[in-house]
Amino acid sequence: MTLVNEPIPQPATPAPAGPLLDVRDLHVEFRMRDGVAHAVNGVSYSVRAGETLAVLGESGSGKSVTAQAIMGILDSPPGYVTGGQVLFQGRDLLTLGREERRKVRGAHMAMIFQDALSALNPVVSVGAQLGEMYEVHRGMSRRSARKKAVELMERVRIPAARTRVGDYPHQFSGGMRQRIMIAMAMALEPDLIIADEPTTALDVTVQAQVMELLAELQHELNMGLILITHDLGVVADVADTIAVMYAGRIVETAPVHEIYRAPAHPYTRGLLDSIPRVDQKGQELYAIKGLPPNLMHIPSGCPFHPRCPRARDICRKDHPPLYDVAPGRASACHFWEETLNDE
Ligand SMILES: Nc1ncnc2c1ncn2[C@@H]1O[C@H](COP(=O)(O)OP(=O)(O)OP(=O)(O)O)[C@@H](O)[C@H]1O
Ligand code: SF4
Ligand SMILES: [Mg+2]
């Protein structure tokens, strides 16, 4: 009797698929002439296929630097990843060589930036730029690649794509250019897209259209999406989960609707209270007092304490860990319970 050909026993139900991206305890610093800026200080978040994670926080909180470290496009020097893991489909990208990372970046993850005009090449037609993706990564002929470029432009609903394929980036409006950048990012049907303030430079109606398009394509291709934004208003309709960053840390993470209903961190509450509301027209808008900290000298204890209306002695001394608030919810505030129950 031989056991060699016996089937391997399979579990009755397959284990749930792990996250597409799992960032663990990521640290990034910038070594500058006048000191070290601690830009990312232990960020952990994960994204599943088909899921949208919105990353929020004021300017300088480390949203983009985290994304650059994930993509492997950190400005280095002066930026260095000094700790953590970036597990993508189970593989730690931080252990890969330059060439392997480039391959992952090309085919499996893509990034959409705020400023399409500087992200696109100004002296190459959009058709040639889109086509190049297929020529380089898929080995297509120039003619077939150009055909694919037109299809892509149609897919992101650029009017008269066939006649505009030879136009240059500056010949398109801001909204159309952003669609072209979305097309570039989608070309190879990546598993993950990171969109860093994709609509900030656009006017409000165009913003909504571009967001809608992005959400639609993400859904169609079952991609994971990390949406970096200042704008809590944009997030409500498209995100599943929110991670709020402050001074290079996640201070609160929660399913999107729960965070709107009852934030568990005073900083999130401050951000929510600063959203203009139609029913409060004419009233003065709330603003969180003070400024984000200098990342070379992050305050002791809770980094938010100099600005926090709830701060007490312990906040100046003890750094709050991420407390579990509920399944899928966490807050880095010693007084999360009070905050949550606030009216
Ligand atoms: N290229 C760089 N050189 C030096 N320091 C940098 C560089 N890029 C980022 N930093 C530092 O990292 C901090 C966080 O920057 P990051 O771009 O991640 O902020 P952000 O949250 O994306 O802000 P914004 O909303 O303005 O885009 C900056 O305040 C700065 O101190
Ligand atoms: S730990 Fe203290 S300072 Fe920090 S957010 Fe909570 S109450 Fe405010
Ligand atoms: Mg940024």
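Visitor: Which radius of gyration would a compact globule of 343 residues have, and what does the protein chain have?

Guide: The model is a predicted one. A compact globule with 343 residues would have a radius of gyration near 20 Å, and the 22 Å of the protein chain agrees with this. Along the principal axes, the C-alpha atoms fill a box of roughly 80 × 70 × 45 Å.

Visitor: How many of the residues in the protein chain are buried, as a percentage?

Guide: Burial is judged by counting neighbours: a residue is buried if 20 or more other C-beta atoms lie within 10 Å of its own. In the protein chain, 40% of the 343 residues are buried.

Visitor: How many helices and strands does the protein chain contain, and what share of the contacts joins residues 24 or more positions apart?

Guide: The protein chain holds 13 helices and 12 strands. Among contacts with a separation of 6 or more, 63% are between residues 24 or more positions apart.

Visitor: Which residues are closest to ligand 1, and which elements give two or more residues to its shell?

Guide: A shell is read from residues whose C-beta atom lies within 6 Å of the ligand. Ligand 1 is surrounded by 16 residues, with A39, S59, G60, S64 and V65 the closest. Two or more residues come from each of β2 (35-47) and α1 (63-71), and α1 gives the most, with 3 residues. By class, this shell has 6 nonpolar, 8 polar and 2 charged residues.

Visitor: Which residues come nearest to ligand 2, and how does its shell divide by class?

Guide: Ligand 2 has 13 residues around it, of which C302, H305, C308, C315 and C333 come nearest. The shell around ligand 2 divides into 9 nonpolar, 3 polar and 1 charged.

Technical notes: Residues are numbered from 1 along each chain as its sequence is written. Chains are lettered from A and ligands numbered from 1 in the order in which they are written. This is a predicted model: local features need pLDDT of at least 70, side-chain atom pairs count only at pLDDT 80 or more; totals for chains, interfaces and linings use all residues. Ala, Val, Leu, Ile, Met, Phe, Trp, Tyr, Cys and Pro count as nonpolar, Asp, Glu, Lys and Arg as charged, and the others, Gly among them, as polar. Helices (H or I, at least four residues) and strands (E, at least two) are DSSP runs, numbered from the N terminus. The radius of gyration is taken over C-alpha atoms; the globule rule is 2.2 Å times the number of residues to the power 0.38. A residue is buried if 20 or more other C-beta atoms lie within 10 Å of its own, exposed if 12 or fewer, and partly exposed in between; C-beta atoms are placed from the backbone. Two residues are in contact if their C-beta atoms, placed from the backbone, lie within 7 Å.
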